[in-house]
Structure formats: C-alpha cells, structure tokens
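Welcome! Please take a moment to look over the sequence and the 3D model shown below, and then walk through the briefing that follows.

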Amino acid sequence: MLDDLKEILSNLESSQSYLKWKEEHEDAFLSSFFIVDKQGWQLAFYSPKKNKVSTFSNGTLVQADSAIFKHKEDKVEQLNLDEVSLIMEEALNIAKKELEATKPGLRTTKTILVLQKIDTVLWNISFLTSSFYIFNIKINASNKQIISQDFISSLYSNPKKNKNLL
C-alpha cells in the first residue's frame, strides 16, 4: 500500500499537468495525501511563498492556490513517505477498534483519511457515523502509537445548543 502511494506520487510528478503547475510553484512541496470513502487519493502541495495549497487527483490539477485552513502560527510541514511504516489498512484497523471501544455499535457512514506531518508523520482519520457523531483519531505513522482521539457528539444530541434543529 505504501508502494502504491509512492507510485501515485511518482506518476503525478511526471505528468504534464504537474510539470506545468510546478513551473509557477517552485517552492511547493507535498503536504498530504487524503482520501474520502475510497474515492481516489488526492495529493495536496503547499506553497510557503503563496501560503496556498493546490490539489491533484488522478494526475490532474483539481484545485489551484486555495486557502489553507490552519492557525497563523501553525507551520505546514513536508510529507516524506519514507518516514511512513504504518500502512493505511493497519491505521484503519486501529481506528475502528478505538471507535468500537469508545462507542460500541455505532455504524460508520463516511471515512476520511489524511496522511500528513504535524511534528511527526501521522494518519489523521475521521469517521462520520449514522448518528452524526464524529470520531477523530491521529496515529503516528512510524511507530503506530495513538497521538490523540476525540469524539464529537451529535449536533442533534442537545437541541438547546442549536434551536434551528427543533
């Protein structure tokens, strides 16, 4: 699976779409791989000069120079696939076991996986459940340790918080 990501990156870096884009984004570097429900990997490249991110999918530029969602003081780090030893399937298994241990019986309706570097290379996995709960877990992609996990309760669980839902 890791070899698949390396091949996707290699194929992209030799594509005409990427090469043309790279001429205007010389400082840009790979910042993440992400996928939503097995719809195909997307690769994000961050340009420090522009403080913008561009996204490619299937060798094609799908979004150029988009705003990046981060705190001003946060630094976007370069993703190096050679630092990754935990493959996606293993990370998903760890995440699913933690979700089951936290909230047994919840059914997952959407899965978002991000491979990125925030101090260390990590898998950032979010599950949206049929009850609109969100479970997020960050797993170190080099040593398999859980960095953090958060369970965000449903918007519908407390109607006083959002009176428009009544």
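Two strands are said to pair if DSSP finds at least two bridges between them. Helices (H or I, at least four residues) and strands (E, at least two) are themselves DSSP runs, numbered from the N terminus. This is a predicted model, in which local features need pLDDT of at least 70 and side-chain atom pairs count only at pLDDT 80 or more, while totals for chains, interfaces and linings use all residues. Residues are numbered from 1 along each chain as its sequence is written, and side-chain values use heavy atoms, with hydrogens and water left out.

**The overall picture**

- The protein has 3 helices and 8 strands.
- Reading from the N terminus, the elements come in the order α-α-β-β-β-β-α-β-β-β-β.
- Along the principal axes, the C-alpha atoms fill a box of roughly 50 × 35 × 30 Å.
- Of the 166 residues in the protein, 36% are buried. Here buried means under 20% relative accessible area, exposed means over 50%, and partly exposed lies in between (1.4 Å probe, protein chains only).

**Strand β1 and its partners**

- Strand β1 (residues 29-36) pairs with strand β5 (residues 108-118) in the antiparallel sense, over 5 bridges. In this pairing, Ser32 stands opposite Gln116 of β5.
- β1 also pairs with β2 in the antiparallel sense, over 5 bridges. Here Phe34 stands opposite Gln42 of β2.
- β1 and β2 form a hairpin with 5 residues between them, and Asp37 in the turn has a positive phi of about 50°.
- Is β1 enclosed or open? Because 6 of its 8 residues are buried, β1 is largely enclosed by the rest of the structure.
- As background, side chains in a regular strand alternate between the two faces of the sheet.

- β5 pairs with strand β6 (residues 120-129) in the antiparallel sense, over 10 bridges.
- Which residue of β6 is the bridge partner of Lys110? The partner is Leu128.
- The hairpin of β5 and β6 has 1 residue between the strands, and Asp119 in the turn has a positive phi of about 70°.

**Salt bridges**

- Side chains of opposite charge can pair when their charged atoms come close.
- A salt bridge is counted when a side-chain nitrogen of Lys or Arg is within 4 Å of a carboxyl oxygen of Asp or Glu. By this rule the count comes to 5 salt bridges.
- One of them joins the side chains of Asp37 and Lys110, at 3.4 Å from N to O. Asp37 lies in the loop between β1 and β2 (42-47) and Lys110 in strand β5, so the pair ties together parts that are 73 residues apart in sequence. Asp37 is partly exposed, at 30% relative accessibility, and Lys110 is partly exposed as well, with a relative accessible area of 32%.
- Asp65 forms a salt bridge with Lys50, and their closest N and O atoms are 3.5 Å apart. The pair links distant parts of the chain, with Asp65 in strand β4 (residues 60-67) and Lys50 in the loop between β2 and β3 (52-57), 15 residues apart. Asp65 is partly exposed at 29% relative accessible area, and Lys50 is partly exposed at 36%.
- Lys144 forms a salt bridge with Glu90, with the closest N and O atoms 3.1 Å apart. Here too distant parts of the chain are linked: Lys144 is in the loop between β7 (134-140) and β8 (146-152), Glu90 is in helix α3 (residues 88-102), and they are 54 residues apart. Lys144 counts as partly exposed at 42% relative accessibility, and Glu90 counts as partly exposed at 30%.

- Which residues form the negative surface patch? They are Asp3, Asp4, Glu7 and Glu89.
- Patches are made of residues with over 30% relative accessible area and no salt bridge; like charges are joined within 9 Å, and nonpolar side chains (Val, Leu, Ile, Met, Phe, Trp, Tyr) within 5 Å. Accessible areas come from the Shrake-Rupley method with a 1.4 Å probe, and for residues only the protein chains shown count as cover.
- Lys and Arg count as positive and Asp and Glu as negative, while His and the chain ends are not counted. The place of a charge is taken as NZ of Lys, CZ of Arg, CG of Asp or CD of Glu.
- Helix α1 (residues 2-13) gives the largest share of the patch, 3 residues.
- Glu7 is found in helix α1 and is partly exposed, with a relative accessible area of 48%.
- Ile8 also lies in helix α1 and counts as partly exposed at 30% relative accessibility.
- The C-alpha atoms of Ile8 and Leu122 are separated by 19 Å, and these residues are 114 residues apart along the chain.
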